[in-house]
Amino acid sequence: MVHYTIDPARIEAFERFAREWMRLVAAHGGLHHGYFLPAEGASDKAEALFSFDSLAAYEQYRTRFGVDPEFIAADRIRDESGCVLRYERTFMRPLLPDA
């Protein structure tokens, strides 16, 4: 899970950034569960939720950061627009209802 503090005046840039990361996660073996954007209440919070089959698969995906041109281009949207003020990652494990 990634917790974002965003600039509400730059929500369109954040949406472009988010769509690129949803595509990249899916292209590199993950399952993106979506971004959750402000709708009511606090207008500067957003969340992203995605998963990988294993920590090893996630770590393989992470090796592309700062190296892969598509990853760099996606981060450039964030950096050049200023749509993200800060973010933090939280690693969680799911507890799902019994099937």
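This is a predicted model: local features need pLDDT of at least 70, side-chain atom pairs count only at pLDDT 80 or more; totals for chains, interfaces and linings use all residues.
**Entry 1, the helix pair.** I began with helix α1, residues 11-27, and helix α3, residues 69-81, whose axes come within 9 Å and cross at roughly 165 degrees. Since angles over 145 degrees count as roughly antiparallel, α1 and α3 are therefore roughly antiparallel to each other. I also noted the hand of the crossing, which is left-handed where α1 passes α3.

I then listed the residues that make the contact: on α1 they are A13, R16, F17, E20, W21, R23 and L24, and on α3 they are E70, F71, A74, D75, I77, R78 and S81. Sorting the residues of this contact by class, I found seven nonpolar and six charged, with one polar residue besides.

Next I turned to the largest pocket, which holds about 530 Å³ of space. Its lining is made by 18 residues, and those closest to the centre of the pocket are M1, F50, S51, F52 and M92. When I asked which elements give two or more residues to this lining, I found β3, residues 45-51, and α2, residues 55-62. The largest share, three residues, comes from β3. By class, I recorded twelve nonpolar, four polar and two charged residues in the lining of the largest pocket.

For the second largest pocket I noted a volume of about 200 Å³. Here 16 residues form the lining, and Y4, F17, W21, F65 and R89 are the closest to the centre.

The elements that give two or more residues to the lining of the second largest pocket are the strands β1 (2-6), β2 (31-36), β3 and β4 (84-89), together with the helices α1, α2 and α3. The largest share of this lining, three residues, comes from α1.

Conventions. Residues are numbered from 1 along each chain as its sequence is written. Side-chain values use heavy atoms; hydrogens and water are left out. Axes are lines fitted to C-alpha atoms, for helices over the stretch in contact, and angles run from 0 to 180 degrees between N-to-C directions. Helices (H or I, at least four residues) and strands (E, at least two) are DSSP runs, numbered from the N terminus. Angles under 35 degrees count as roughly parallel, over 145 as roughly antiparallel, 65 to 115 as roughly perpendicular and the rest as oblique. A crossing is left-handed if the near helix is turned anticlockwise from the far one by less than a right angle, and right-handed if clockwise. Contact means heavy atoms within 4.5 Å. Ala, Val, Leu, Ile, Met, Phe, Trp, Tyr, Cys and Pro count as nonpolar, Asp, Glu, Lys and Arg as charged, and the others, Gly among them, as polar. On a 1 Å grid over the protein atoms alone, a cavity is a set of points where a 1.4 Å probe fits but cannot get out, and a pocket is an open set with protein on both sides within 12 Å along at least five of seven lines; lining residues have an atom within 4 Å of a point. Grid points are joined across faces, edges and corners, and a volume is the space filled by probe spheres set on the points.
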